[in-house]
Amino acid sequence: MEDPRTPLAPGLEISRIVTGLWQVADQERAGAALDPRAAADAMGDYADTGLTTFDMADHYGSAEVIAGTLAARRDDLQFLTKWVPEPGPASEEAVDEAVARALERLGTDCIDLLQFHAWSYADPSWLDCLFMLAEHQAAGRIRHLGLTNCDAVHLDMAVRSGVPIVSNQVCFSLLDRRAAGAMTEVCRAHGIRLLAYGTLAGGFLSDRWLGRDEPPIDESLTWSQMKYRRFIDRAGGWDRFQGLLGVVDGVARRLGEGQPTGVSMANVACRYVLEQPAVAGIIVGARLGENSHAGDNLRVLCMALDDEARRELDAACALLDPIGGDCGDEYRRPPYLTASGDLSHHVTSFPAPYPVRRSGAAEYVSTGTPWEEFAGFSRAVRRGSRIHVAGTTASHGARLIGGRDPAAQTHFIIDKIEGALQSLGATLEDVVRTRVYIREGVDWEPVARAHGARFADIRPANTTVYANTVGDDLLVEIEADAEVA
Ligand SMILES: NC(=O)c1ccc[n+]([C@@H]2O[C@H](COP(=O)([O-])OP(=O)(O)OC[C@H]3O[C@@H](n4cnc5c(N)ncnc54)[C@H](OP(=O)(O)O)[C@@H]3O)[C@@H](O)[C@H]2O)c1
């Protein structure tokens, strides 16, 4: 058997097969919490097999409390948890409370890995939260910081802004290979590791569903199955998914020949993701006390795919429609590939990212940079259907976002423009004109490509020029005009 453990970051070694506890929230969906002692017993059974690492979140029902119950009995566990705050302004008190709550529930004085989920990049609060979490890390309450469902652009942006991110938890499976693209490149460039969930698509990627009829998406399914049924639809539907299962079955049978315990279809699906270059570990969900697959899943570490298997699996995946966009888009834009098919389980509202002041027929947005105060301008002004966004740089309060990387700065600038537009009731799609000023001597191409990545489907008129931009580290400045239909 291969080493079941891997270093995720200095001082933190985790199981390569992490046990995921979102399923606890589902088991508690009727309202009654699991008995923490009995559930901790079931969790302990996983740890006894060597699977000592568990993934949870503040909103996974009583998962953190159950973990804390087990932690009182043994000290060989690693807890990866998350903070998933509702969108809106980030206060120091809210961050302090979130950290204190996790510490108390987990019964520890230091969280091994705290993973943060951002709902909207147009609201810079997500960066504020990360900067504040980094202070908790410096104070010793968090060992390492991670992200979850972050896309490649914003992972890169956070790291270049000085946040010491070690991991990103994303969906990654035979059904959903988005993480194999730009995400893997960013991870490799910065030494970040992926924690992959959805590797079994809620159990659909196993022999149980081979040749079975399509189940309707309703409450008879687990939440996890409801979620991945939507992925299956997005990938081309149940019949095409059955084609993939047929290939996985063939690979499992061939690789299992002569093996005393055989190779399961789930083993093949897990192994495919575990072998991907940036992946540190896969997270496999467990319904504590109801079903355990620890024995079968450990066999993933006793097998390997060969070139033929990889070719067959890649070819089968290529017959599916790719899940569009980047990692985490399923939580940020339609079609929402969540259990409920929308964000109703997660978010109550999206407050305006920036404050708006009204005066007569005009509305003015402030993004709080010192420049706006002393130079006497607004980030954006709306009069009727027209919105003008001022020349915008990658400054956020007193901070520079994106470091001295022109592409990362450009993406943050466009996020800021988007946030200003949203505050005035518009979207990036309403932009009809952009003017881009690039500091003399800075490579224009990454800036143009970042602009292209965000505006390719919108196609505003554009001017891009070299200029002597103000501010030493501010390499790019963009202004925009929008027309609301
Ligand atoms: N960051 C995020 O946004 C996010 C989102 C989703 C999940 N996650 C994390 O990832 C974890 C995994 O959740 P998931 O929803 O992606 O589910 P998953 O791991 O794809 O599927 C879990 C289900 O697969 C079945 N299963 C496990 N091992 C099996 C095997 N060897 N053979 C056959 N079936 C097997 C089990 O079904 P039965 O219980 O019916 O036997 C289990 O409940 C979560 O608990 C959570 O920690 C994170």
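Predicted model: local features only at pLDDT ≥ 70, side-chain atom pairs only at ≥ 80, totals over all residues.
Me: Which residues come nearest to the ligand?

Reply: The ligand has 27 residues around it, and those that come nearest are Gly 20, Tyr 197, Gly 203, Ser 224 and Gly 285. Two or more residues of the shell come from each of α1 (22-27), β10 (279-285) and α11 (294-298).

Me: How are the strands arranged, and in what order do they close into a barrel?

Reply: Two strands pair if DSSP finds at least two bridges between them. Here eight strands close into a barrel with parallel pairing, in the order β3-β4-β5-β6-β7-β8-β9-β10. Within this sheet, neighbouring strands are turned by 30° against each other on average, with direction ignored; the axes for such angles are lines fitted to C-alpha atoms, for helices over the stretch in contact, and angles run from 0 to 180 degrees between N-to-C directions.

Me: What joins strand β7 to strand β8?

Reply: Four bridges join β7 (residues 142-148) to β8 (residues 165-171), and the two run parallel; Gly 146 has Ser 167 as its bridge partner in β8, while Leu 145 has Ile 165. With β6 (residues 111-116), β7 pairs in the parallel sense over five bridges, and Leu 114 stands opposite Leu 145 there.

Me: Which helices make β-α-β units with β7?

Reply: A crossover is right-handed if, with the strands pointing away from the viewer, the path from the first strand over the helix to the second runs clockwise. Helix α5 (residues 125-138) makes such a right-handed unit with β6 and β7, and helix α6 (residues 152-160) makes a right-handed unit with β7 and β8.

Me: Why is β7 largely enclosed by the rest of the structure?

Reply: A residue is buried if 20 or more other C-beta atoms lie within 10 Å of its own, exposed if 12 or fewer, and partly exposed in between, with C-beta atoms placed from the backbone. Seven of the seven residues of β7 are buried, so β7 is largely enclosed.

Key
Residues numbered from 1 in each chain as written. Near = placed C-beta within 6 Å.
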